[in-house]
Amino acid sequence: MAPLDVPSAILQRRSIKRFRPDPIPQDLLHELLELTVAAPSSWNLQDWRIVVVEEAEQREALCDACYGQGLVAQAPLVFVFAADPTAWERDLEPIFEKAKASGAWPPKVVEYLQQAVPDFQQNLGDRNREYAIKDAMIAATHLVLAAESRGLASCFLNGWEEDAVKRVIGAGEDSQLCVAVIVPVGLAAESRSNPGRLDLEHNIFRDHLSKPYRR
Ligand SMILES: Cc1cc2nc3c(=O)[nH]c(=O)nc-3n(C[C@H](O)[C@H](O)[C@H](O)COP(=O)(O)O)c2cc1C
């Protein structure tokens, strides 16, 4: 099947709560992962840590950590999008090397960033967590749309207990890793029903919050 184009994937996507058990071929999983990490991130930090949970026992354990939400045990693949707020302390050099090698960031730019990125991140303080989670959420959105375009279904999940999820994926108690979102993926076992959206003028504005968007 030809992949759905982006607008079609966006419009077709729904939060699917029941999945068929059919396994997802490893080549397709690999393609989904390549498309997921094609997502942009702040300073190109790529500070997501994505755990693909495939083993039935692991999915059961994760289901428990998600307040028993059955779709987590049902879907053949469950992606845990974690985020590492300290990634910038370790990952900058390989990021700079790649960007220099591709020519995207000339040496002068890299020289500037070697100073600017740690300064910026240090100043963020507690907000490092928020910034890392933003990046992970953007990557998760890439996954969901890539999966939809390839005929798969998904659901974003906020319903989980963070420490329990961290235990399941093997993050130590004192690990700084935080969980951004969990996304089961597989073939849908229910139809896609659309709960609809508020009218655009409800939450979109032109120039100023006093001017609701109208066409
Ligand atoms: C960040 C996020 C977290 C969500 N968490 C859950 C969840 O824990 N359990 C669930 O059944 N649905 C969850 N949903 C699905 C929403 O209820 C759903 O996206 C919304 O009702 C709109 O439906 P649609 O996705 O089909 O357009 C979540 C969605 C988002 C974006």
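Read the protein chain along its sequence and the pattern is α-α-β-α-α-β-α-α-α-β-α-β-α. That makes nine helices and four strands. Helices (H or I, at least four residues) and strands (E, at least two) are DSSP runs, numbered from the N terminus. This is a predicted model: local features need pLDDT of at least 70, side-chain atom pairs count only at pLDDT 80 or more, and totals for chains, interfaces and linings use all residues. Residues are numbered from 1 along each chain as its sequence is written.

**Whole chain.** Start zoomed out. The C-alpha atoms fill a box of roughly 55 × 50 × 35 Å, taken along the principal axes. Of the 215 residues, 30% count as buried. A residue is buried if 20 or more other C-beta atoms lie within 10 Å of its own, exposed if 12 or fewer, and partly exposed in between; C-beta atoms are placed from the backbone.

**The sheet.** Now select the four strands. They form an open sheet in the order β1-β2-β4-β3, with antiparallel pairing. Two strands pair if DSSP finds at least two bridges between them. The edges are β1 (48-53) and β3 (153-154), each pairing on one side only.

**β1 to β2.** Six bridges join these antiparallel strands. Select Val51 and look across to Val80 in β2, which stands opposite.

**β2 to β4.** This antiparallel pair has seven bridges. Pick Phe79 and find its bridge partner in β4, Val183. Then pick Val80, whose partner in β4 is Ile182.

**β4 to β3.** Select residues 178-186 for β4, which runs antiparallel to β3 and is joined to β3 by two bridges. Ala153 has Gly186 of β4 as its bridge partner. Ser154 stands opposite Val185 in β4.

**Burial in the sheet.** Colour β2 by burial. Seven of its seven residues are buried, so β2 is largely enclosed by the rest of the structure. Both faces are covered: Leu77, Phe79, Phe81 and Ala83 are buried on one side, and Val78, Val80 and Ala82 on the other. Repeat with β4. Nine of its nine residues are buried, so β4 too is largely enclosed by the rest of the structure.

**Helix α7.** Select residues 127-149. At 1.5 Å a residue, the 23 residues of α7 should span 33 Å; the end C-alpha atoms are 34 Å apart, which agrees. The expected span is 1.5 Å times one less than the number of residues. Just after α7, click Gly151: its phi is positive, about 85 degrees.

α7 packs on it, touching β1, β2 (77-83), β3 and β4, and the direction of α7 makes about 5 degrees with that of β4. Contact here means C-beta atoms, placed from the backbone, within 7 Å. Axes are lines fitted to C-alpha atoms, for helices over the stretch in contact, and angles run from 0 to 180 degrees between N-to-C directions.

**The ligand.** Finish here. Select Arg14, Ser15, Lys17, Gln69, Cys155, Phe156, Leu157, Asn158, Gly159, Val181 and Pro195, which surround the ligand. A residue is near a molecule if its C-beta atom, placed from the backbone, lies within 6 Å of it. By class, this shell has five nonpolar, four polar and two charged residues. Ala, Val, Leu, Ile, Met, Phe, Trp, Tyr, Cys and Pro count as nonpolar, Asp, Glu, Lys and Arg as charged, and the others, Gly among them, as polar.

Key
Contact = placed C-beta atoms within 7 Å.
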